[in-house]
Amino acid sequence: MGMGFDVHRLVQGRELWLGGVNIPWSQGLLGHSDADVAIHALCDALLGALALRDIGYHFPDTDPRYKGIDSRLLLRHVMALIGQRGYRLGNCDITICAEQPKINPHIPAMQRQLADCMDCSTDQVSIKATTTERLGYTGRGEGIAAYAVALVEPIAPQQP
Ligand code: MG
């Protein structure tokens with residue numbers, strides 16, 4: 001199992017992408033990629049489960065190949081790494097911390113997007129949303145944070 005955490009700053013003039021879904025909003029997250037903070041936390045959780053370092057190690061933000069990239073492609077790449085090592089997703093659980101916009105209406109679409117990237121069922125992809133009661137940088141609307149845990153399981157049954 002592994003855990004991941006990420007934060008991106010909210011700014012004017014960017015699209016808001018969360019969990020592979022484009023959410024209509026007056027601000028978006030700033031980053032080298034599409035800055036999908038939920039997918040980034042999930043990727044770090046998956047990488048962490050097999051001690052494969054972190055997302056910045058695999059996709060450096062100094063590399064022009066990743067400028068503006070759809071984070072779903074990063075997630076697919078991470079899943080390929082997991083698969084090469086003989087594992088697949090067991091389940092994952094993501095918590096998105098945002099004061100605004102309302103995340104809940106978009107959760108089923110995010111589950112479908114992430115399940116498609118990870119070649120699994122939406123039942124294996126839990127997404128939760130919370131505010132931080134107007135406290136801290138997320139509460140002031142300066143950014144959005146996400147936490148994730150992921151369990152991976154061997155594809156082939158382990159020999160006794
Ligand atoms: Mg990030």
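Residues are numbered from 1 along each chain as its sequence is written, and side-chain values use heavy atoms, with hydrogens and water left out. Because the model is predicted, local features need pLDDT of at least 70 and side-chain atom pairs count only at pLDDT 80 or more, while totals for chains, interfaces and linings use all residues.

View 1. Asp-6 and His-8 are both buried (under 20% relative accessible area, 1.4 Å probe, protein chains only).

**View 2. The largest nonpolar core.** This set of buried Ala, Val, Leu, Ile, Met, Phe, Trp, Tyr and Cys residues, joined through side-chain atoms within 4.5 Å, has 49 members. Those touching the most other members are Leu-18, Leu-46, Leu-75, Leu-114, Met-118 and Ile-144. Helix H1 (a DSSP run of H or I, at least four residues) gives the most, with 10 residues.

**View 3. Around Leu-114.** Beyond its neighbours within four places in sequence, Leu-114 is in contact (heavy atoms within 4.5 Å) with Gly-19, Ile-39, Leu-42, Leu-75, Ile-94, Val-125 and Ile-127.

**View 4. Strand S1 and its partners, S7 and S4.** Strands are DSSP E runs of at least two residues, and two of them pair if DSSP finds at least two bridges between them. S1 (residues 2–12) and S7 pair in the antiparallel sense over eight bridges, with Phe-5 facing its bridge partner Tyr-147 in S7. Three bridges join S1 to the antiparallel S4 (residues 27–29), where Gly-28 is the bridge partner of Val-11.

Terms used
Buried < 20%, exposed > 50% of the residue type's maximum accessible area, 1.4 Å probe, protein only.
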